[in-house]
Amino acid sequence: MASGTQRGAGSRGQPAEGQRSSPGACYRELSRFPAINCAALGAAAGGRGQAFLLHTGESGPAAPLRCAGVGADVPVPQSAASPTCPVGGSCASAATTACSARSVASPSAGQHSAQRSTTGCSAGTPPRGSAAPCLCAAHRRATSCWSGRSHGVDLTALGKHGAVYTEGPFACLAWSHLETRLLYVAEKSRPTPPAACPWHVPGAAGPAEDEDEEGEQFVYHEDWGETLGTRSAPVLCMLDIESNSVSVLESVPKHVSPGQALWSPGDTGVVFVGWWHEPFRLGLSACSNRRSGIFHLELASGHCELLSAPNRASFSPRLSPDGQRLLYLEGAVGGPHRQCLQLRMLTWQMRQTVTVLDVVQEPTGAFTGIYADALPPRCWAADSRRVLLGTPQRSRTDLLLVDTEAATVTNLTAGSPEGCWELLTIQWDLLVATCSAPHRPPSLVVAELPPLGQELPLHWVPVEDTPPVPGITWKTLTIQQSSPPHSEHLGAPQCLGARGQGVPMAVGAEWGPSHPCADPQPFEALLLSPTGGTTPHPLVVCPHGGPHAIFDARWRPSMAALCRLGFAVLLVNYRGSLGFGQAGIECLQSRVGEQDVADTQLAVEQALHSEPLDPRRVALLAGSHGAFIALHLLARQPERYRVCALRNPVSNLPALLGTSDIPDWRYTSLGLPYSFQRVPRAEDLVAMLQRSPIIQVPQVRAPVLLCVGARDRRVSPTQALELYRVLRAGRVPTRLLWYPEGGHALAGVETEADVFGNCARWLLQHLGQPPAGQHSP
């Protein structure tokens with residue numbers, strides 16, 4: 001890729017002298033590359049030919065406000081005179097969000113102009129021809145600019161609702177066609193909650209401030225789980241800019257919680273997603289299997305109709321530019337929390353729905369299915385026929401072009417050196433995307449979409465091109481399975497294929513011709529290695545959480561920092577990972593603690609056999625379900641693994657039934673049916689306990705570091721506390737770090753840096769320091 005403005009060149013590519021021995025400083029240095037999470041094309045750049053301002057929202061510890069410009073005759077950006085947002089936006093007041101504007105060339109877009117230019121922000125979808133309104137700082141003020149004059153409305157001042165949703169699955173910001181009305185989602189108005197108690201009881205209400213609410217002040221309001229602890233009862237709201245009025249749309253069905261709203265053609269109604277919340281809410285974060293539907297609310301009559309199938313998970317609606325087609329994602333309710341999805345399309349006038357792309361069971365070609373959390377906010381090409389989206393394809397995340405009429409898929413980024421592509425927006429057929437790789441932080445690129453049938457090759461032009469970080473190489477390993485799977489790599493009777501003793505092979509399942517894994521498919525792992533220094537390198541093994549997730553080939557500061565410290569890193573995409581077909585996902589059902597553990601160990605053995613790695617210095621680093629796998633490996637292979645660092649580990653499956661926001665997964669993971677009415681039975685608890693690593697912990701000998709978020713709703717912190725006590729009782733060197741404000745992901749740059757610093761020092765301490773100079777490529 002051609003070089004443009006090189007963010008992070010120089011000091012960011014090489015840790016400063018004196019910081020090389022500090023893991024936390026190394027992580028902070030590499031995490032300073034901001035992640036661009038949204039973009040919108042604004043007004044044409046006057047006097048610069050066919051060029052447009054590009055507004056981007058960025059997250060990161062040092063995401064600055066800045067403007068850069070480029071004319072139609074210049075292929076790379078030039079620094080603009082002003083270092084601030086062109087409309088004087090306040091996006092940076094949120095501390096982790098910034099707005100920047102650049103000018104980019106587009107040969108075919110010079111005749112379009114924006115009616116309004118507003119400050120860009122990561123809060124939601126931009127209006128037509130402009131960036132999104134700014135909902136920063138207190139997340140409650142809508143700010144816009146019309147003819148150079150500022151206009152602001154305090155969305156919560158009238159008391160119509162509570163806090164505005166600015167992120168997460170419910171959040172949206174949608175302008176009407178004339179940009180006089182704005183749709184958004186907020187929390188239903190209710191008494192102020194009390195101060196958090198030490199155990200952060202979710203959903204607790206506070207004392208009533210009004211006598212009319214007497215008796216209601218201590219009512220429990222359940223929420224939507226991990227990362228959504230303040231999201232209980234979302235309401236769909238509308239701001240009228242001209243009258244400065246806010247209204248709550250009361251015709252939304254009472255049995256669903258609304259979100260992801262947009263205007264229907266002609267602005268006569270609202271299309272939104274409704275999640276069923278009866279009889280109670282289940283965790284929604286990273287769960288695409290919750291019952292939901294696409295609804296249409298007619299504003300004049302208040303009539304609300306369900307547009308999608310009644311018993312499916314339907315979400316992420318996107319209306320075509322001509323207003324004739326509504327595209328959305330759809331999947332099964334229940335089962336694995338993340339699955340291969342259908343791409344569905346509704347013809348607006350005829351109300352006819354077709355499946356554009358179906359679930360891919362076992363990939364036979366390049367396309368492996370759709371696994372995205374959502375469609376890009378703007379994904380339609382100008383012809384209202386083609387759609388662009390990013391989704392995992394094996395161990396990559398690629399940009400796909402879908403012809404909705406021919407139902408064909410074109411991979412626009414296959415074979416590129418970057419392993420992760422994310423579409424930010426497409427306007428006037430100008431694509432804005434980011435791309436990254438394990439050794440290269442995200443770069444901002446643009447391309448013009450060619451006419452139908454001429455899309456390849458696509459020419460990407462850098463807007464801000466980040467150079468690779470020196471000292472890191474990476475490759476994709478293909479791990480070939482034997483058939484049927486066996487347990488000889490694990491050395492324990494509780495492993496795959498073991499019969500008659502220990503844990504049964506599966507709950508209610510046997511290997512046979514109809515079993516999803518009867519003919520095991522290969523899976524993949526990413527290997528990051530330091531360059532320079534001496535070999536063989538110590539190896540850090542990382543099975544991902546989920547378990548239905550993916551380690552795609554993207555930039556991860558923590559993994560790059562480990563390489564800078566001298567470690568090789570193995571990121572294992574065991575069978576059950578996203579991106580390899582629905583059959584691969586279902587293959588893990590009923591086999592957690594067996595197949596995922598065996599696959600990880602097989603990947604480790606293959607890497608040790610084929611790569612310059614030190615088999616005497618192997619460590620485990622994992623979180624959540626990945627930590628579940630790691631604990632099994634520690635107990636079954638005590639001679640292989642020297643040390644382990646875990647984040648919010650799953651250790652005791654039956655104990656999670658009453659403490660996790662996703663109790664259904666405890667049943668589904670073992671192949672047991674789940675319903676809202678199901679209560680634990682003795683045999684269920686026995687089966688869960690038999691699969692739990694807690695019962696094998698007495699075999700663990702390697703030192704274990706535990707990093708725990710006190711506010712984790714997915715995996716209760718009591719899991720780590722119990723594990724800590726059992727390890728200590730067995731005289732295993734153990735240390736526990738308690739983060740009072742931490743959730744399941746232990747997110748936030750300072751928290752992440754502290755976790756990484758402690759984990760890296762723990763690994764260095766117990767694996768032995770690398771030879772002098774190895775961590776300084």
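**View 1. Contact of helices α4 and α5 in the predicted model.** Asp596, Val597, Thr600 and Gln601 supply the α4 side of this contact. From α5 come His625, Phe628, Ile629, His632, Leu633 and Arg636. The axes of α4 (residues 595–610) and α5 (residues 625–636) come within 9 Å and cross at roughly 70°. Angles of 65 to 115 degrees count as roughly perpendicular, so α4 is roughly perpendicular to α5. By class, the residues of this contact divide into four nonpolar, four polar and two charged.

**View 2. Helix α5 and its cover.** Twelve of the twelve residues of α5 are buried. Among them are His625, Gly626, His632 and Arg636, as well as Phe628, Ile629 and Leu634. The cover over these buried residues includes two helices, α4 and α8 (717–729). It also includes the strands β29 (537–543), β31 (613–623), β32 (643–647) and β33 (704–709). The end C-alpha atoms of α5 are 17 Å apart. At 1.5 Å a residue, its twelve residues should span 16 Å, so the two values agree.

**View 3. The largest nonpolar core.** This core holds 58 residues. Leu539, Leu570 and Leu634 touch the most other members. Helix α5 gives the most to the core, with eight residues. Around Leu570, leaving out residues up to four places away in sequence, the contacts include Leu477, Ala525, Leu526 and Leu527. Leu539, Val540, Val541 and Cys542 also touch Leu570. Ala603, Val604 and Ala607 complete the list of Leu570 contacts. A second, separate core has 49 residues, including Cys172, Trp224, Val270 and Phe295.

View 4. The 13 residues of α8 reach 19 Å from first C-alpha to last. That is close to the 18 Å expected at 1.5 Å a residue. Pro717, Gln719, Ala720, Leu721, Leu723 and Leu727 are the buried residues of α8. They pack against α5, β33 and β34 (734–739).

**View 5. Ala760 in helix α9.** Ala760 sits in α9, which covers residues 749–767. Its relative accessible area is 1%. Buried means under 20%, so Ala760 is buried. Beyond residues up to four places away in sequence, Ala760 touches Pro23 and Leu565. Ala645 is 115 residues from Ala760 in sequence. In space, the two C-alpha atoms are 8.7 Å apart.

**View 6. Thr397 in strand β21.** Strand β21 spans residues 396–403 and contains Thr397. Thr397 counts as buried because its relative accessibility is 6%. Contacts of Thr397, not counting residues up to four places away in sequence, include Gly390, Thr391 and Pro392. Gly419, Cys420 and Trp421 touch Thr397 too. So do Asp552 and Arg554.

**View 7. Two cis peptide bonds, at Pro279 and Pro457.** The bond from Glu278 to Pro279 is cis, with omega near 0°. Pro279 lies in the loop between β13 (269–276) and β14 (292–298). The bond from Leu456 to Pro457 is also cis, with omega near -5°. Pro457 belongs to the loop between β25 (440–448) and β26 (461–464).

**View 8. Positive phi at Gln260 and Trp428.** Gln260 is not a glycine, yet its phi is positive, about 50°. Gln260 is placed in strand β12 (residues 256–263). It counts as buried because its relative accessibility is 16%. Trp428 is not a glycine either, and its positive phi is about 55°. Trp428 lies in the loop between β23 (420–427) and β24 (430–437).

View 9. Of the 777 residues, 58% count as buried. Among contacts between residues at least 6 apart in sequence, 65% join residues at least 24 apart.

Definitions and conventions:
Residues are numbered from 1 along each chain as its sequence is written. This is a predicted model: local features need pLDDT of at least 70, side-chain atom pairs count only at pLDDT 80 or more; totals for chains, interfaces and linings use all residues. Side-chain values use heavy atoms; hydrogens and water are left out. Axes are lines fitted to C-alpha atoms, for helices over the stretch in contact, and angles run from 0 to 180 degrees between N-to-C directions. Helices (H or I, at least four residues) and strands (E, at least two) are DSSP runs, numbered from the N terminus. Angles under 35 degrees count as roughly parallel, over 145 as roughly antiparallel, 65 to 115 as roughly perpendicular and the rest as oblique. Contact means heavy atoms within 4.5 Å. Ala, Val, Leu, Ile, Met, Phe, Trp, Tyr, Cys and Pro count as nonpolar, Asp, Glu, Lys and Arg as charged, and the others, Gly among them, as polar. A nonpolar core is a set of buried Ala, Val, Leu, Ile, Met, Phe, Trp, Tyr and Cys residues joined through side-chain atoms within 4.5 Å. Buried means under 20% relative accessible area, exposed over 50%, partly exposed in between (1.4 Å probe, protein chains only). The expected span of a helix is 1.5 Å times one less than its number of residues.
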